[in-house]
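Here is a short briefing to read alongside the structure.

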Amino acid sequence: MSTATEAIRIIPKSPGANDEGQWLEVSMGPQHPSTHGVFRMDVVLDGERIVKLKPVFGYLHRNHEKIAENESYLGSMPYTDRLDYFCSLTNNWAYALAVEKLAGIQVPERAEYIRIITAELTRFQNHACLIGFLTQDMGASGTPLMYAFREREKILDLFESLTGARMMCNYMRFGGCRVDLPAGWIEQARAAVASFPRFLDEFEQLLASNEILMARTQGVGVLSKEFAVNAGVSGPVLRASGVNYDVRKADKYGIYDRFAFKIPLGEHGDTYDRYMVRLLEMRESLKILELALRDIPAGPIVDPKTKIRGFRPKPGEAYAHIEAPKGDLGFYLISDGSSNPYRYRVRPPSLVNLTVLEELCIGHNVADVVVILGSIDIVMGEVDR
Amino acid sequence: MFGEGILKGLAETARNFFGSYVSKDRLTTVQFPEQRLPQIEAARNFPFLVYDGEDWQQGMRCVSCFICEKECPPKCIFIEKSTDKKPDAVGKPQFYPKVFNIDVSVCMSCQICVEVCPFDAIKMDVAFEHSTNNRFAGLLWDKKELAKPNEYYRQIHPIEAAAVDAALAEERAKVAAKAKAAADAKAAAIAAAAASTSVEVATEK
Amino acid sequence: MTLSMFQAIDQIDQIFVTSQHRLVSDLPAEFQSISSAILSVIAIVLVFALLFAITTVLERKGLGRMQNRYGPNRVGPCGFFQPLADGVKSLTKEDLVPRTADQLVHFLAPVLLVMAAFLAYAVLPVGRNMVLVNLNAGVLYFFAVGSLVELAVFMAGWSSRNKYSLLGAMRAIAQMISYEVPLVLASIVVIMAAGSLSTVSIVDMQASYTGIWPHWFVFTPWGFAGFALFMIAATAESNRSPFDLPEGESEIIAGYYIEYSGFKFALFFLGEYLGMFATSAMAITLFLGGWAAPFSFLTWIPSYLWFFAKLVLLILIFIWIRGTLPRLRMDQLMSFAWQFMLPMTLLNLFVAGVWHFMPAGIVRWLVCIALLVAPAILLSRSLKQGKKFAVRHYRFAE
Amino acid sequence: MTVTFLILAALTLAGTVAAMAMRNLIHCVLALTLGFAGLAALYLLLGAQFVGFTQVLVYVGAVAILAVFVIMMTQSAGPAMQPIFSSFWMTGSVVAAAVFVVLAWAICRSGFASQVLPPPVEAAVHPIGDALMHGYVLPLEIMGLLLTAAMIGAVVLAMHEKRRTP
């Protein structure tokens with residue numbers, strides 16, 4: 001005979017603590033519904049307040065980097081789809097960019113435009129779904145998520161008719177893209193882009209001024225500017241803390257310098273800012289998309305000099321990074337002149353952003369943990385690789 | 001301020017509730033088994049082997065060059081080369097695969113085998129309703145299961161197949177012309193020497 | 001002519017009452033009362049279990065449409081046999097009990113929950129002369145039985161030996177206790193006005209008309225405020241969104257019934273929905289005139305139909321809210337209960353007193369409304385606890 | 001009527017005995033709740049609706065939950081593994097027996113039991129309300145004051161606790 005408490009591991013409080021009572025260690029995940037994949041948090045609770053939080057990951061480790069080192073350069077391309085499986089096209093782009101830098105390949109104009117269009121569409125659907133997931137974590141019974149999925153469907157249809165797959169696109173190639181846009185694709189994309197502002201308006205109407213949402217997110221999980229920079233956080237999470245850093249502006253990779261768009265910046269660095277920055281970024285993405293779909297020139301889509309089979313870049317190393325929807329996604333490659341890279345390294349934004357989780361969560365409630373985790377926007381495929 | 005945002009949200013869900021009954025772009029669900037989306041040219045699922053003509057063994061385009069096996073990122077293709085030769089799609093005598101297996105439980109539908117194939121022998125299928133109650137043998141597709149006629153390829157990827165057919169026809173014509181020229185030359189030679197087999201003519205190129 | 005029409009209407013209205021009498025009257029006298037009670041109990045169990053089944057479909061279809069989906073539409077016409085399929089599924093599922101669980105308590109918890117939920121229906125008048133027992137302390141009985149639910153929830157959460165279920169049970173009990181106070185206080189205004197704790201006489205008081213307008217308590221300032229407060233508290237009592245923290249599917253997975261499967265899980269659902277129906281029915285009884293028609297010229301429609309129409313309307317509102325709102329956090333929920341609901345219900349009591357003693361007229365309306373609205377605004381300001389919750393404006397970098 | 005009474009009395013007794021005899025404190029509280037519920041049913045049997053429902057509301061709904069909470073909060077470090085019979089069981093039973101004898105004697109002496117009861121009052125709520133608001137208004141007020149003071153004390157204690165741990 002025993003009480004329920006026997007089944008629960010009780011940790012005595014640290015010697016310094018004055019008040020009575022015990023801490024409760026709860027393992028959130030890996031089968032928890034709102035850990036965004038197989039992710040575990042060892043949470044130590046004082047009542048419902050978080051005292052300690054230890055992120056535990058690696059459940060989805062697939063040896064991505066090591067596989068890539070034993071794979072031809074092209075062979076790694078479909079594997080990059082599976083890093084951040086929500087945004088395969090930006091992953092493709094980052095990897096292609098790194099290889100192009102390594103081998104010194106030029107990308108034709110039209111391919112650059114296609115890359116920007118697909119990347120911004122990816123960003124749009126990633127942010128839309130993220131906001132849906134975030135509100136789902138807050139218990140909004142999936143309504144915003146379903147709206148986001150409704151719009152995402154249009155983008156995935158575009159991806160499918162272009163690349164043949166909805167999520168695992170495997171579309172970018174070294175020196176361009178795999179296939180040209182099919183007939184009518186531009187019109188379809190324009191129609192989709194034209195329909196998105198209404199969706200964003202509805203989204204804001206539904207939630208942005210909702211008192212419950214504001215009470216749940218404002219002042220929750222504040223990430224200070226200094227800490228964000230020191231921790232190496234990137235992407236919307238960083239910009240929500242007020243740091244003006246966007247690789248699209250800082251590096252001007254591709255042909256981003258030709259497009260006029262603004263970077264929304266948060267002030268408080270809390271969950272609400274992270275939420276709103278993404279919402280505003282979606283509007284900026286639409287601006288880029290409109291311009292790109294208007295200006296896209298005709299021409300070849302891939303550098304004809306690049307070989308598909310037997311691709312062997314000269315010995316050397318290269319690092320290229322892009323502004324993926326989740327943050328600063330980088331690929332580092334060392335070539336020894338053979339057909340597969342000597343070293344292949346991914347700088348995953350999800351993993352780096354995840355490192356601040358404990359800092360953000362301490363002192364908050366259990367309920368806040370899932371919201372903060374949702375607002376950081378992680379994908380375990382990228383964290384664990 | 002209190003309650004205003006909540007009321008806005010309620011109005012929005014009400015609008016979507018009624019909107020889903022009247023507006024098609026709100027209710028985008030496709031009721032799958034009864035309704036199907038139109039076929040997309042670029043769609044891909046698992047690879048299949050194209051063959052020309054009626055007989056799948058005779059018409060198989062694959063010459064078992066092992067490029068796809070080597071390039072396949074998850075290494076799901078297994079090929080064993082034949083010892084004898086048969087004429088390939090353009091009419092040249094080539095080896096053919098004695099064994100060509102694809103483990104579709106490993107395949108990740110990346111299309112790289114299709115991209116690297118110089119003989120247009122392997123293409124992506126669009127069929128997706130595969131199921132089996134045997135998770136080992138049922139998911140290891142052999143040559144026979146993989147072979148699909150060119151007509152099927154034309155049906156699922158019309159634009160791409162037309163380009164491939166045109167290129168192959170050109171190639172075939174070239175090979176035939178060459179063979180004819182060689183045959184003519186040979187015929188002239190035969191007239192003189194009067195001894196040779198057609199197989200030798202073809203292999204000579 | 002008109003007299004016979006009235007009689008016919010009355011007969012239709014009383015059809016269940018008279019048929020019950022006819023069924024029982026053949027029995028020996030000593031069995032009459034008990035068999036009539038059994039008949040009523042069977043009727044209540046069947047009707048409300050059916051309503052539960054219909055509500056699950058309605059909820060899923062309604063949520064689906066709000067989310068631009070179809071919702072269940074495969075089983076039977078328009079998916080309306082879905083609960084049947086769900087029932088078969090939950091009955092045929094394996095009943096898993098955790099090895100370390102307290103077997104007996106684990107088994108008793110869902111039973112007690114459903115029992116408590118059904119007990120509450122004893123005092124709810126679903127139509128004219130249609131109430132199981134007309135208790136003098138009917139409203140008190142209702143709340144007393146409602147408090148049994150807390151015990152059942154605790155038993156479920158504790159006996160499962162799961163941290164999440166324990167957290168969920170703690171949350172549920174804290175929430176239920178906190179919101180029971182405003183729930184009871186909000187209903188006290190009606191008891192004050194009606195001068196009775198009997199549900200039947202409360203409804204009878206509201207079932208008269210001035211012109212075509214009914215005398216429902218909701219059509220007074222304190223009645224409306226009381227109704228709103230009662231409904232908010234009822235939402236929290238029945239663990240509905242946005243107060244569904246005890247389940248908190250995204251936080252503590254399913255709360256206190258995480259370790260239940262199969263039919264016991266279905267029983268928890270049943271109990272939860274029955275609780276929702278019961279509190280909604282209580283709100284209808286107290287504020288919305290029970291089975292009374294909304295206009296005097298509509299009294300020919302049978303009273304039980306009116307009752308169920310109102311009940312379904314409230315359920316639809318519950319579904320609508322669930323489809324829209326995210327959920328609150330525990331501390332926010334608590335501060336909402338104690339800092340907003342409790343003062344407002346107490347104030348509402350005062351306003352009801354003022355209403356009672358002031359002479360009828362427009363002045364009475366204005367005074368009461370002012371007395372309610374001004375503190376409500378002030379209290380909602382103070383709820384923010386010094387934090388500035390506001391729609392923000394963002395700066396952009398080029 | 002007597003059958004109902006016997007069943008309810010047996011239930012109440014069983015509940016309370018189990019509350020004393022069980023080793024798991026939570027089980028004890030649950031058994032005690034059964035006793036409370038049986039008592040409430042007995043009140044109802046006597047026609048005292050108000051008292052019966054209040055019994056359920058207060059004891060089952062509040063006191064039992066409170067007890068459960070207290071047990072969960074305080075006794076979480078280890079299970080209650082004390083023996084059923086404490087070392088003072090002799091003294092305890094003597095005291096209990098003495099109390100029982102005194103009470104029984106007092107009741108028997110008062111002649112209350114032999115009295116013929118008047119038929120139960122139907123509208124039991126009104127007289128209680130009248131009594132509370134007229135005859136016993138002072139005790140009611142004093143009790144209210146006492147409870148308020150206790151509540152404020154509890155709040156102060158809790159706030160003090162909070163201030164100590166930043």
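How much area is buried between chain C and chain D, and what share of it do carbon and sulfur atoms give? In this predicted model, the buried area comes to about 2000 Å², with 80% of it from carbon and sulfur atoms.

**Where the chains meet**

- Five pairs of chains touch, and the pair with the most contacts is A and C.
- Chains B and D do not touch, and 28 Å separates their nearest C-alpha atoms.

**Chain C with chain D**

- This interface brings 22 residues of chain C into contact with 22 residues of chain D.

**Chain A with chain C**

- Here 64 residues of chain A are in contact with 41 residues of chain C.
- Together, chain A and chain C bury about 4400 Å², and carbon and sulfur atoms account for 57% of that area.
- One salt bridge is counted between chain A and chain C.
- C:Arg329 and A:Asp368 form a salt bridge, and their closest N and O atoms are 3.1 Å apart.

**A helix pair in chain C**

- Helix 5 of chain C (residues 103-119) packs against helix 6 of chain C (residues 138-159) at an angle of about 160°, with the axes 8 Å apart.
- Because of that angle, helix 5 of chain C is roughly antiparallel to helix 6 of chain C.

**A helix pair in chain A**

- Helix 5 of chain A (residues 143-163) and helix 6 of chain A (residues 185-208) cross at roughly 170°, and their axes come within 10 Å.
- Helix 5 of chain A and helix 6 of chain A are therefore roughly antiparallel.
- Among the residues making the contact are A:Arg150, A:Glu151 and A:Lys154 from helix 5 of chain A, and A:Phe196, A:Phe199 and A:Glu202 from helix 6 of chain A.
- The contact of helix 5 with helix 6 of chain A has 14 nonpolar, three polar and five charged residues.

Notes
Residues numbered from 1 in each chain as written. Chains lettered and ligands numbered in written order. Predicted model: local features only at pLDDT ≥ 70, side-chain atom pairs only at ≥ 80, totals over all residues. Heavy atoms only, no water. Axes fitted to C-alpha atoms, helices over the stretch in contact; angles between N-to-C directions. Helix = DSSP H or I, 4+ residues; strand = E, 2+ residues; numbered from the N terminus. Parallel < 35°, antiparallel > 145°, perpendicular 65-115°, else oblique. Contact = heavy atoms within 4.5 Å. Buried area = accessible area lost by both parts, 1.4 Å probe. Salt bridge = Lys/Arg side-chain N within 4 Å of Asp/Glu carboxyl O. Nonpolar A, V, L, I, M, F, W, Y, C, P; charged D, E, K, R; others polar.
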